[in-house]
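Have a look at the sequence and the model first, then we'll pick out some pairs.

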Amino acid sequence: MPPALSAEQIRDANTRYHDVAAGHYDSKWGIDFGEVGRAQVLAKVRKALGREPSRWPRSLEIGSGTGYFTLNLMSAGLIGEATCTDISPGMLGTLQSNARGLGLEVATEVADAERLPFEDNTFELVLGHAVLHHIPDLPRALREFERVLAPGGTIVFAGEPSRYGDRLAGVPKRFAGAIAPAWRLAIGAGAAAGPGEGDADEALERVVDVHAFAPRELLEAARAAGLREVRVGGEELLANWFGWTNRTLEATADPEQVPWMWRQYAYRGYLVLQELDRRLLEGRLPAAIFYNLMITGRKRGRA
Ligand SMILES: C[S@@+](CC[C@H](N)C(=O)[O-])C[C@H]1O[C@@H](n2cnc3c(N)ncnc32)[C@H](O)[C@@H]1O
């Protein structure tokens, strides 16, 4: 078993990993800033809150990456002034260029989630997507979110791996690994040069992904940080199995030789299954079995 890394080493690995990822992050993860992306982000926020969102005058995003959540919420008219933070300067560089492309103005600041350089009671919304599982001291970060929230303000975090869902995701990954040679033959693609991009990614992901959560743990950590009306829900099951299978397959092939038709099939198929999960499974099955967890809560006081 590799020796446990210190919190500082985990933060450093996160910065380096995401700085390198920044240039190709949006294409790798199919991040969209048009109608599709806006609809996805709105659906997630609506699901987390359990109601239609209202407009927030000032928002702070934690681990904003290239801007998936904030830029789409701004385009939807739900945020007034936006501040985006991330531990990776590279990710914030890509975010600024995405914002310019969309004609949006966003303040960015390199910051660790556990030490936010903002005054108390500043933001009506503190949000994030796929970031909590990277933070070494999550209770400390949650106390920071509560501190900078304005009285009555809301937190919304989505896209956090559930412990059980993460284990289940190992099945499609192993399946895809086993059928990869036959799949490459079928689509006419050669193997990736050297160790697959997937191998390197997986090794680094083991360092930067420090948590997978049980819903109760998230709930209790948020309450311990002083938040009220905390809710934790789950989303995406079939969509994630499909997504992990395809991503694992693609990582074994020369990216130049993966046909456009295949990429379209993988992308559209993922969207269809997301919708199927939403209509048939979410809300009926326990949060713990879904791949992604979402959490919301409010700061005490009147908005
Ligand atoms: C999986 S990416 C998600 C990016 C973006 N939120 C999205 O959904 O596309 C995680 C992001 O969290 C950032 N991050 C990791 N550890 C962090 C920390 N301790 N404080 C702030 N940001 C962090 C990374 O640099 C990266 O941009």
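Which helix holds both Arg16 and Asp12, and how many residues apart are they? Both sit in helix H1, four residues apart, which is about one turn of the helix. Keep in mind as you look that this is a predicted model. The two side chains form a salt bridge, with the closest N and O atoms 3.2 Å apart. Asp12 has a relative accessible area of 39%, so it counts as partly exposed.

Now stay in the helix and find Arg11. The side chain of Arg11 makes a salt bridge with Glu114, at 3.1 Å from N to O. Here the partners come from separate places: Arg11 belongs to helix H1 (residues 7-21), while Glu114 is in the loop between strand E3 (107-110) and strand E4 (123-129), so this pair ties together parts that are 103 residues apart in sequence. And are these two buried or exposed? Arg11 is buried, and Glu114 is buried too.

Next, turn to Arg115 and Asp112. Their side chains meet in a salt bridge as well, with 2.4 Å between N and O. Arg115 is partly exposed, because its relative accessible area is 40%. Asp112 comes in at 15%, under the 20% cut-off, so it is buried.

Arg11, Glu114, Arg115 and Asp112 are joined by Glu8 in a network of salt bridges.

Definitions and conventions. Residues numbered from 1 in each chain as written. Predicted model: local features only at pLDDT ≥ 70, side-chain atom pairs only at ≥ 80, totals over all residues. Heavy atoms only, no water. Salt bridge = Lys/Arg side-chain N within 4 Å of Asp/Glu carboxyl O. Helix = DSSP H or I, 4+ residues; strand = E, 2+ residues; numbered from the N terminus. Buried < 20%, exposed > 50% of the residue type's maximum accessible area, 1.4 Å probe, protein only.
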